[in-house]
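Have the structure open beside you.

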Amino acid sequence: MRANPLSITAGYTTTAEAPPPPESHATEGVHEMWRNVYENAIFATLTLESYDTALKILSLQISYSRYLPPRSTIAAVLRFLNRLKFPTKSDAKSAKLLIDTLTTTMGSQLSEIEFSNYLNVCVMAGEMEMAEVGVRAASEHQHSHEKPKSPVFYSILLKGWGRTNNLEQVDRTMGEIGKNGIVVDTILLNSAISAYVKCGQIGKAKIILSKMETASPPLTNINSYNTILTGYRDVSESLPSFEPLFAVASKISRWDSVTYSIMIDAACRRNDVALAERFLSEIESNFIITDSSTSVSKKKKNKIRTFVEAYTILLSFYAKTDGEESLAKCTTLLGKMKSHDIEPNRITYTALITSLCKAERYAEAKRVFAFMKGSATGAPNVVTYNALMRGLGGGIKVGGGGVNFGEIQFLFENMQNSGIKPNVMTMNAYMEGLCNAGRFDSAIGVLQNMKDRGGDRKNQLYPKPEYATYQQALKCPELSKVAFSELEAREEIDLEAINILLTNVIGGSYEDCDLPQGLRVFDKYCRPGGTIAPDVVTYELVVRGLMAISSRPAVRKATMLYDEMVERGVEIDAGFVDGLIDAVTYADQFGTVKETGREEVIGFLVRVMRDSRDVVGWGEREFEKRWSLVRMNFVSTVSEIWKEEGGGGGGVGGGVVIENWYKRKKWFSKKRGGGAETGGVEEEEDESDAEVLGRWNAVDSGFKLF
């Protein structure tokens, strides 16, 4: 995040270092010269899109010049702020200071355009409190004869409240519109529909749409219906049916690229790939001319190119699945885009890179990346770097033969050399690569550097660590204790963090199990009265660790925790049963069950299995398979304990393999290995960016981009 350039001393260490104001005895001509110098410098820097510099110059003029900048200059800077795609809180503060200069220092009344520009900057930056402060301040400086707030004002305000999901304020604003007798138009009502959709109130949005349809003349346009469609698209889990979308879309006489993108996205979110492909076929038959002999106007070509998002959404959906079939679909779709003269964007290429990495075709993924580096329109951004770094990190194999960590190191440095600052996801991918390569000390060092030297300023190489940073570190067994301690210090412990830690300290392997550490964490946070409500995974891990020991105290504590789990209404599942069987089998193999007494241990196991039969939604013969395995391993003891009629489960033979308990949860897989210093993966010799990217692009593996 930038420092506020409008701070009086922005860019200077002390106010004494700032340039002195014009001398008080200067002539009017000299003052005019200074004013022109400031104004020309501001407009020159705005023309060069050097936004920070323009604001610093304006700050100096406001703070030191005898003459304040003309209103036209302040308005120009406000317009520039309003054109920023992603304004920050600092930008909103700058806009607020400009408004204050106009209203308070200069005593001017704000024009509708000036105030709308300010309000839009605050809304886009997500600073609605600052927007409200500006609204109140501006109202105090308006005379009673001024016209009331306009539809544009309310449209921007509704957009802001919708973005922050503030239903109460959306309702209040709509009430104020009616109270003030504002003449509504299509833009204002579309903003209201969008605000209600973002707040999850599709019903209220449809009421507005209905009134727009019945107005004379009707006030609806295609944006009205597309906005409603986005609401139905986003509730795919609670409303899997596609009928409401078809009902709304049927009112659109001719779908545009936005409509098709929404419908394809909605189909993908509902995992209906056939429907998504059908929509794409409609695009090709209705809009795209495939006959190369047919002349296509420039306007027609530009319209066709607007469908890039529809293609990209489907390609991204393909990329989320694994395997060569998914990759084949991605490359086929990419070829179609090229044949239709639809230029892929960086999102398209990033999705392809993701798919290639999932198929472990790393050379081709790097080739696509190198192609992007040479593209004027699809150059990689931070998301692209993150996708390739994470993909390559998953390809690091213990003992060599996979991806060299040096490739990830190169990407990390190339990213910074290209002026792209790493974000939290970048650092997560980098740390994952370090852990996969066995460089645990280096990964801990990255965590410490982020904590000590990270920040949002341009000269800071790393971002500050966030919860997601420590969550990623938790997944690496060698970093989990360090990461958990940091989360404790930040008071950000939650159930997921506890389950990941317990998986590492208890579930990694019985030989390396740190049960005391796991029990300390469980007792501190998860017992009745604790701050975290445990789920079945939490109980499973602790009970499993205790039963792997199977000493009498351990069995008693496991039984007590199971009783507690039942009392708290945490239902048993198949993973709990599988983990318990696995733990008891391990304990029996290493003799601890014999020392404890088989009846006590197997009695607990049989009790759990009996409870699970009526609770767990077992598949066909799944319970019988598990029971057969228990009976085969502990037949003599089970025959004495299992008294319930029909409890045997019938003739399933041996050789049944139960999936390990940990496979149902895709925790970070534990990998071992070493860097060059430990005899593991060796670093590549230093090469320039151009040399490496050229080598990547020159790979001839039979893979063709188009």
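## Exercise 1: aromatic pairs

A search of the whole structure finds 21 aromatic pairs. Rings of Phe, Tyr and Trp (its six-membered ring) pair if their centres lie within 6.5 Å; planes under 30 degrees apart count as stacked, over 60 as edge-to-face and the rest as tilted.

Before starting, note that this is a predicted model, in which local features need pLDDT of at least 70, side-chain atom pairs count only at pLDDT 80 or more, and totals for chains, interfaces and linings use all residues. Residues are numbered from 1 along each chain as its sequence is written, and side-chain values use heavy atoms, with hydrogens and water left out.

**Task.** Classify the pair of phenylalanine 242 and phenylalanine 246 by the angle of their planes.

**Solution.** Start with the distance: the two ring centres of phenylalanine 242 and phenylalanine 246 are 5.1 Å apart. Next comes the angle: their planes stand at 55°, so the pair is tilted. Then check burial (buried is under 20% relative accessible area, exposed over 50%, partly exposed in between, with a 1.4 Å probe and protein chains only). Phenylalanine 242 is buried at 10%, while phenylalanine 246 is partly exposed at 26%. Finally, look around: Phe242 and Phe246 belong to one aromatic cluster with Trp255, Tyr260, Phe279, Phe287 and Phe307.

**Task.** Which helices hold phenylalanine 405 and tyrosine 430?

**Solution.** First the geometry: phenylalanine 405 and tyrosine 430 form a tilted aromatic pair, 5.8 Å centre to centre with 40° between the planes. Now the helices (DSSP runs of H or I, at least four residues; strands are runs of E, at least two; both are numbered from the N terminus). Phenylalanine 405 lies in α21 (residues 405-417) and tyrosine 430 in α22 (residues 424-436), so the pair ties together parts that are 25 residues apart in sequence. Both phenylalanine 405 and tyrosine 430 are buried.

## Exercise 2: salt bridges

**Task.** How many salt bridges are there, and where do glutamate 213 and lysine 251 sit?

**Solution.** Apply the rule: a side-chain nitrogen of Lys or Arg within 4 Å of a carboxyl oxygen of Asp or Glu. The count comes to 29 salt bridges. One of them joins glutamate 213 to lysine 251, at 3.4 Å from N to O. This pair links distant parts of the chain, with glutamate 213 in helix α10 (residues 202-214) and lysine 251 in the loop between α12 (243-249) and α13 (257-269), 38 residues apart. Glutamate 213 is partly exposed at 24%, and lysine 251 is partly exposed at 48%.

For contrast, take lysine 625 and glutamate 622, whose side chains meet in a salt bridge of 3.4 Å, N to O. These two residues are three apart in helix α33 (residues 622-633), which means about one helical turn separates them.

## Exercise 3: a loop proline

**Task.** Is proline 463 buried or exposed, and which residues does proline 463 contact?

**Solution.** Locate proline 463 first: its place is in the loop between α23 (440-453) and α24 (467-474). Its relative accessible area is 8%, so proline 463 is buried. Now list its contacts (heavy atoms within 4.5 Å). Leaving aside neighbours within four places in sequence, proline 463 touches Pro422, Asn423, Val424, Met427, Met450, Gly454 and Gly455.
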